[in-house]
Amino acid sequence: MNELLPSRLLIVCSHPDPDLGTRSEVLRLAGTVRDWDRALGKAEGEGILPLLYWNLRDDPGAVPASVLERLRAAFLRNLARTTQVYRELEPFLESVRRSGLRAALTKGGRLALDVYPEPAVRPFWDVDFIVHPADWPELRRILFSLDFVE
């Protein structure tokens, strides 16, 4: 088997919203994977297990049932974690809005909401904001009042 095929599958599945041509390539490539443990290990290392699940979930025959279940479990873990992160962020975001501060959510937390079809397919481990320098002291006070850390 060509060693590049599992890597190509991960690259193709990294697209958050594949078109029909890409979907057929995903299915073709999934059928060539012989070592799913290795492929899943690479996907986990790249942080795309939930996205891999998202792209394979509608075609359960494309991968072994045990693989699809592992992908589903990774997606559900990330869904639970992402939901918790956004739930914990809500009081902070509401305080920022109420205060009229110039701050914006950036990187993974923002991309998950704006680019991906489902926020849980975009893992992120921290939350980043860009803040106008003049608003930093008040934003910092809000963060500390809600027990967040820098």
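Predicted model: local features only at pLDDT ≥ 70, side-chain atom pairs only at ≥ 80, totals over all residues.
Local features are reported only at pLDDT of at least 70, and side-chain atom pairs only at pLDDT 80 or more, whereas totals for chains, interfaces and linings use all residues. Residues are numbered from 1 along each chain as its sequence is written, and side-chain values use heavy atoms, with hydrogens and water left out.

Pockets come first. Rolling a probe the size of a water molecule over the atoms shows where empty space is left. The search ran on a 1 Å grid over the protein atoms alone. A pocket is an open set of points where a 1.4 Å probe fits, with protein on both sides within 12 Å along at least five of seven lines. Lining residues have an atom within 4 Å of a point. Grid points are joined across faces, edges and corners, and a volume is the space filled by probe spheres set on the points. Helices (H or I, at least four residues) and strands (E, at least two) are DSSP runs, numbered from the N terminus.

The largest pocket has a volume of about 380 Å³. It is lined by 17 residues, of which Val127, Phe129, Leu143, Phe148 and Val149 are the closest to its centre. Three elements each supply at least two lining residues: helix 5 (65-99), strand 2 (128-131) and helix 7 (136-145). Helix 5 gives the most, with 5 residues. The lining of the largest pocket holds 13 nonpolar, no polar and 4 charged residues. In this scheme Ala, Val, Leu, Ile, Met, Phe, Trp, Tyr, Cys and Pro count as nonpolar; Asp, Glu, Lys and Arg count as charged; the others, Gly among them, count as polar.

The second largest pocket contains about 190 Å³ of space. Its lining is made up of Glu44, Gly47, Ile48, Leu49, Pro50, Ala74, Arg77, Asn78, Arg81, Pro123 and Trp125. Helix 4 (49-56) and helix 5 are the elements that give two or more residues to this lining. Helix 5 provides the largest share, 4 residues. By class, the lining of the second largest pocket comprises 6 nonpolar, 2 polar and 3 charged residues.

Asn78, part of the lining of the second largest pocket, lies in helix 5. Burial is defined by relative accessible area: buried means under 20%, exposed over 50%, and partly exposed in between (1.4 Å probe, protein chains only). Asn78 is buried, at 8% relative accessibility. Contact means heavy atoms within 4.5 Å. With neighbours within four places in sequence set aside, Asn78 is in contact with Pro50, Ala120, Val121, Arg122 and Pro123. Of these, Pro50 and Pro123 also line the second largest pocket.

Helix 4 also packs against helix 3 (residues 36-46). The two axes come within 8 Å and cross at roughly 120°. Axes are lines fitted to C-alpha atoms, for helices over the stretch in contact, and angles run from 0 to 180 degrees between N-to-C directions. Helix 3 and helix 4 are therefore oblique to each other. Angles under 35 degrees count as roughly parallel, over 145 as roughly antiparallel, 65 to 115 as roughly perpendicular and the rest as oblique. Helix 3 contributes Trp36, Leu40, Ala43 and Glu44 to the contact, and helix 4 contributes Leu49, Leu52 and Leu56. These residues divide into 6 nonpolar, no polar and 1 charged.

Helix 4 is largely enclosed by the rest of the structure, because 8 of its 8 residues are buried. They are Leu49, Pro50, Leu51, Leu52, Tyr53, Trp54, Asn55 and Leu56. In helix 3, Ala43 is buried, at 0% relative accessibility. Ala43 touches Leu10, Ile48, Leu49 and Leu52, not counting residues up to four places away in sequence.

Backbone angles complete the description. Most residues other than glycine have a negative phi. Lys107 has a positive phi, near 55°. Lys107 belongs to helix 6 (residues 107-114) and is exposed, with a relative accessible area of 55%. Phi of Asp147 is also positive, near 65°. Asp147 sits in the segment after helix 7 and is exposed, at 69% relative accessibility.
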